[in-house]
Amino acid sequence: MGRRLAVKRPARSPSSRKPHGTVRRRRPTSRRKGVKKTGAPADRPRFQVRRFLSLLGLAMMLYASGSLLWLLLIRPDIVPPYFSGLFRAVVVDAGHGGKDRGAAGNGLIEKELTLDVAERVGRQLREHGLQVVMTRETDDYLSLAERVRVGADQRVPAIFLSIHFNYAKNRSAQGVETFYYNVNEEVPAEILGDALLQAPPMSDSEVFAQEMQRELVDALGVPDRGVKNRGFFVLRHSRIPAVLVEGGFVTNAREAARLNDPEYRQRIADAIEDGVQAYRNVMRQRMNDLRRKEPS
Ligand SMILES: [Zn+2]
């Protein structure tokens, strides 16, 4: 070996014949990296910095996910809908009750109708796998704030559904209507300015109201009084998607006769359940679309 090397060396340039330690300038950088003896001591601190950074990153991730979980546990109402997932609970609010009788006409009392239909809706939704929370199950008086609080207290994604029956001095008024509340639609055009050029996104409550109204009109074949933005207390203060259904007029003789029939009330309950499920399908579709858009 020694002899062969000795023969080869003269063929190289004169500088390469010098001992390795003295030809630093000529040594290509790529070769320098390959030399383990010089590389190892230099890499060790760099490796430690990298390990420290990855541990720091892991700790920060754990901290962030921990606080998000904590937030979900203590304040599910302030977590954006995107994080809260598809709703699993429905707060069913039977309007009026106790000393508050609500509307009355043609022998019907609103607080009794609302409780009857609310119980039917609750039963239906439970049978189809949703959690149901009733604001009242007896002829009790509840303030509007107490009803809203039931919605805010939910620890799983939930929606709020208030059931009412209508009253009008004009006895010919009939049909169903569904209310939601969207504060943004009340902002004057001068304040919004250019923002008006873009169509404002529909609020979840409005989507909910539209699905609900369509199912009610289709199932009951009654006049469609439409979907309306109205600042009713239980809608205005709700922190979860909320609608208020007016299922018919006790003051209209024809409609009152139908409302007096338990079979018709069951049809209303079925339609309301369909409205909840239709809204749930829209939300599920929306979440699937969001997931698909995310790069993975
Ligand atoms: Zn009412």
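A residue is called buried if 20 or more other C-beta atoms lie within 10 Å of its own, exposed if 12 or fewer do, and partly exposed in between, with C-beta atoms placed from the backbone. By this criterion, V176, T178 and Y180 point one way from strand β6 and are buried. E177 and F179 point the other way and are buried as well. In a regular strand, side chains alternate between the two faces of the sheet.

The model is predicted: local features need pLDDT of at least 70, side-chain atom pairs count only at pLDDT 80 or more, and totals for chains, interfaces and linings use all residues. Residues are numbered from 1 along each chain as its sequence is written.

The pLDDT, the predictor's confidence in each residue on a scale from 0 to 100, averages 82 over the chain. At least 70 is reached by 72% of the residues. Helices (H or I, at least four residues) and strands (E, at least two) are DSSP runs, numbered from the N terminus. Two stretches stay under 50. Residues 5–24 form one of them, with seven contacts beyond four places in sequence. Residues 26–40 form another, with five such contacts. A contact requires C-beta atoms, placed from the backbone, within 7 Å. Where pLDDT is low, the predicted coordinates should not be read in detail.

Strand β6 spans residues 176–180, and five of its five residues are buried. Strands pair if DSSP finds at least two bridges between them. Strand β7 (residues 224–229) runs parallel to β6, joined by four bridges. Here V176 has D224 as its bridge partner. Strand β8 (residues 242–249) pairs with β6 in the antiparallel sense, over three bridges. F179 is bridged to L244 of β8.

D224 belongs to β7. It is partly exposed because 16 other C-beta atoms lie within 10 Å. Beyond four places in sequence, D224 touches G175 and V217. Its C-alpha atom is separated by 8.9 Å from that of Q174, 50 residues apart along the chain.

A nonpolar core is a set of buried Ala, Val, Leu, Ile, Met, Phe, Trp, Tyr and Cys residues joined through C-beta atoms within 7 Å. The largest such core holds 48 residues, of which I159, L161 and V243 touch the most other members. Helix α11 (residues 262–293) supplies the largest share of this core, seven residues. Beyond four places in sequence, I159 touches F87, V90, F208, I240, P241 and A242.
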